[in-house]
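I opened the notebook to record what I looked up in this protein. The entries follow the order in which I checked things.

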Amino acid sequence: MKIAAHVDENGTPLPLTRKGRVQLYDNDAGAWRLVGELPFELPGDGSLGPLRASLDALARRLGDCRVLLSGEVRGFPYSYLQDQFGIQPWRSEGALVAQLTAVAAAEEKRAAEACACPSGDSPSSCGGCGGARSTVVPMGGPGVRPVDRLDGSRSFDLIAAMAVDSRLNSRLALMPLLTEAPFRPIEIRLDHRPRWFARDLDELGLTFTEETRDGALFITVTAEGGDAP
């Protein structure tokens, strides 16, 4: 397994919002060894374009690594890396090698849970490990559900849902809402529009508008020809 770690000069994990360096570790030989390193600092002006470009470049440098150990797991950089590139953020405490081992064990457990099949079924027959069906995390995560409104529409806080359950990505959380029949207009609070969003909504016959307020992006989804809530 490969794990990237964003750390300071002492090897202590840092949030991506702080200047540090990204180290890439591999344990294919049975012990963790450093196989790559690069300085990393996000642009400081807060503009989304340069921020995304910096994260895109980081993902390319990580290659096939899909696990990131950091001093934080919440916020736009993490949700963007997870949503766009499938990079799973983790936060742990202790010596770096111990943290890498702990994160590797947590990833293996997460993979095993994703492959869990009903009693009597094999992973290949239920599809949990690469078969026809994919494992879907419960919509919205524990404690986070869509809110019904008096006009029949509803709202959903994707930022809160992903903060509660780190296994979620935007597609897992939103597609059950967007494909539910009959469809109900919904306002979604999120920190950026996922890359898949416009394409998939067009295929579903849905349309959307968006606005920024209170430091977040709000997207309202309606059926084509329908009225926004």
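Entry 1: In which hand, left or right, does H1 pass H2? I found that H1 passes H2 in a right-handed crossing. The near helix is turned clockwise from the far one by less than a right angle in a right-handed crossing, and anticlockwise in a left-handed one.

Before going on, I noted that this is a predicted model, in which local features need pLDDT of at least 70 and side-chain atom pairs count only at pLDDT 80 or more, while totals for chains, interfaces and linings use all residues. Residues are numbered from 1 along each chain as its sequence is written, and side-chain values use heavy atoms, with hydrogens and water left out.

I then looked up the geometry. Helix H1 covers residues 48-62 and helix H2 covers residues 76-85; they pack at an angle of about 55 degrees, with axes 10 Å apart. That makes H1 oblique to H2. Angles under 35 degrees count as roughly parallel, over 145 as roughly antiparallel, 65 to 115 as roughly perpendicular, and the rest as oblique. The axes are lines fitted to C-alpha atoms, for helices over the stretch in contact, and the angles run from 0 to 180 degrees between N-to-C directions. Helices (H or I, at least four residues) and strands (E, at least two) are DSSP runs, numbered from the N terminus.

I listed the residues that make the contact between H1 and H2 (contact means heavy atoms within 4.5 Å). From H1 they are Leu 48, Leu 51, Arg 52, Leu 55, Asp 56, Leu 58 and Ala 59. From H2 they are Phe 76, Pro 77, Tyr 80, Leu 81 and Phe 85. They divide into 10 nonpolar, no polar and 2 charged. Here Ala, Val, Leu, Ile, Met, Phe, Trp, Tyr, Cys and Pro count as nonpolar, Asp, Glu, Lys and Arg as charged, and the others, Gly among them, as polar.

**Entry 2: H2 and its cover.** I asked how many of the 10 residues of H2 are buried. The count is 9, so H2 is largely enclosed by the rest of the structure. Buried means under 20% relative accessible area, exposed over 50%, and partly exposed in between (1.4 Å probe, protein chains only). The buried ones are Phe 76, Pro 77, Tyr 78, Ser 79, Tyr 80, Leu 81, Gln 82, Asp 83 and Gln 84. Their cover includes H1, strand E4 (67-69), strand E5 (88-90), helix H5 (158-164) and H6. Just after H2, Gly 86 takes a positive phi of about 70 degrees.

I picked out Tyr 80, which lies in H2. Tyr 80 is buried, with a relative accessible area of 7%. Not counting residues up to four places away in sequence, Tyr 80 touches Arg 52, Leu 55, Asp 56, Phe 85 and His 192. Tyr 80 and His 192 are 112 residues apart in sequence, yet 7.8 Å apart in space, C-alpha to C-alpha.

**Entry 3: H6 and H7.** I turned to helix H6 (residues 170-178), where 7 of the 9 residues are buried, so H6 is largely enclosed by the rest of the structure. The axes of H6 and helix H7 (residues 197-204) come within 12 Å and cross at roughly 20 degrees. That makes H6 roughly parallel to H7. The crossing of H6 and H7 is right-handed. Arg 171, Leu 174, Met 175 and Leu 178 in H6 meet Phe 197, Arg 199, Asp 200, Leu 201 and Leu 204 in H7. I sorted the residues of this contact into 6 nonpolar, no polar and 3 charged.

**Entry 4: single residues.** Is Asp 214 buried or exposed? At 71% relative accessibility, Asp 214 counts as exposed. I placed Asp 214 in the loop between strand E9 (206-213) and strand E10 (216-223). Asp 214 has a positive phi of about 55 degrees although it is not a glycine.

Gln 99 is in helix H3 (residues 96-114) and is buried, with a relative accessible area of 2%. Leaving aside neighbours within four places in sequence, Gln 99 is in contact with Pro 13, Leu 69, Ser 92, Glu 93 and Gly 94.

**Entry 5: the whole protein.** I noted 7 helices and 10 strands. Buried residues make up 41% of the 229 residues.
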